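Try each one before reading its solution.

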Amino acid sequence: MRRIFIIFPLALSLILGIFIIYFNFKNLNIFKKDQENKITFLEQQLDKNYRRNFPVHLPILLYHYIENVTDERDTIRKSLNVSPFIFDSQIRLLLEKGFTIITLKELINYYNGQSSLPDKPIILSFDDGYRDFYTDVFPILQKYHVPAVLYVTSGFVDLTHNYLTMSQLKTLAKSNLVEIGAHGVNHLNLNYSDPVSINSEIFQSKANLEQFIGKPVEHFAYPMGEYNQNVINLIKKAGYLSAATTDMGVTQSYGQIFELTRIRPGSSQEEYFLSLLK
Ligand SMILES: [Zn+2]
């Protein structure tokens with residue numbers, strides 16, 4: 001009987017001891033994890049601040065038509081056009097020279113400290129939403145498995161045979177190779193439109209495209225490259241994360257994320273094409 005009086009408290013304190021050690025160990029781990037998270041968070045913040053303060057060398061190529069123009073009288077189309085053969089050779093050259101074609105999402109992630117940029121990053125962008133993007137550009141993107149951003153004028157979808165059909169737009173948006181951005185509803189010059197129209201071009205084009213493709217539309221390209229500070233403010237208010245101009249340049253910076261610069265490679269090839277990216 002007496003033995004019980006000794007064994008019982010001994011056993012109890014042993015069990016208690018094990019519990020105390022276990023919980024301390026667990027808490028220590030939680031504490032360590034917490035500290036690690038805090039350090040990662042601080043590193044990310046520092047990295048984010050650094051990234052947001054220095055420009056990056058990131059050419060954004062601007063294209064319109066990519067097709068074999070058959071109508072010799074269509075001088076506007078001819079002047080804006082690059083043949084599919086030349087576009088294909090430009091992409092091949094970029095890849096051969098070690099460029100990595102990235103998305104706008106990757107640029108935003110970079111500025112948010114969520115991922116880094118590859119060596120020699122470059123973005124392909126296409127304005128207006130022409131049908132040849134589907135028939136001529138998309139197969140080339142698939143062939144090389146490279147992404148592009150397509151800025152679509154929402155009111156032009158299904159309008160004439162010149163523009164994308166709704167079903168083509170949906171297919172492109174689903175592909176994961178094409179980021180759909182907005183380019184107004186009616187392609188109005190935002191520097192010379194009335195306030196109601198400016199609002200509609202910015203807010204309605206986003207809402208329309210989001211409804212068409214069932215995905216957020218977070219990037220905008222100014223129709224005809226025209227914008228001003230009031231337009232930038234509305235772009236921010238509408239919830240866009242970036243906006244592209246037609247201002248020439250090969251570097252981007254966080255402070256000018258709503259004034260992304262671009263270059264028009266046209267039909268340039270080989271050394272001349274590469275020299276435009278420097
Ligand atoms: Zn345009």
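Helices (H or I, at least four residues) and strands (E, at least two) are DSSP runs, numbered from the N terminus. This is a predicted model, in which local features need pLDDT of at least 70 and side-chain atom pairs count only at pLDDT 80 or more, while totals for chains, interfaces and linings use all residues. Residues are numbered from 1 along each chain as its sequence is written.

**Exercise 1.** Find how many helices and strands the protein chain has.

Solution. The protein chain has nine helices and twelve strands.

**Exercise 2.** Work out how many residues of strand β6 are buried.

Solution. Begin by locating β6 at residues 121–128. Of its eight residues, seven are buried, so the strand is mostly covered.

**Exercise 3.** Which strands pair with β6?

Solution. Two strands pair if DSSP finds at least two bridges between them.
- Step one: β2 (residues 60–63) runs parallel to β6, with four bridges; here Leu-62 has Ser-125 as its bridge partner.
- Step two: β5 (residues 100–101) is also parallel to β6, over two bridges, and Thr-100 faces Pro-121.
- Step three: β7 (residues 148–152) is joined to β6 by four bridges, again in parallel; Asp-127 lies opposite Tyr-151.

**Exercise 4.** What is the handedness of the β-α-β unit made by β6, helix α5 and β7?

Solution. Follow the path from β6 over α5 (residues 131–144) to β7: the unit is right-handed. That term applies if, with the strands pointing away from the viewer, the path from the first strand over the helix to the second runs clockwise.

Methods. Buried ≥ 20, exposed ≤ 12 C-beta atoms within 10 Å, placed from the backbone.
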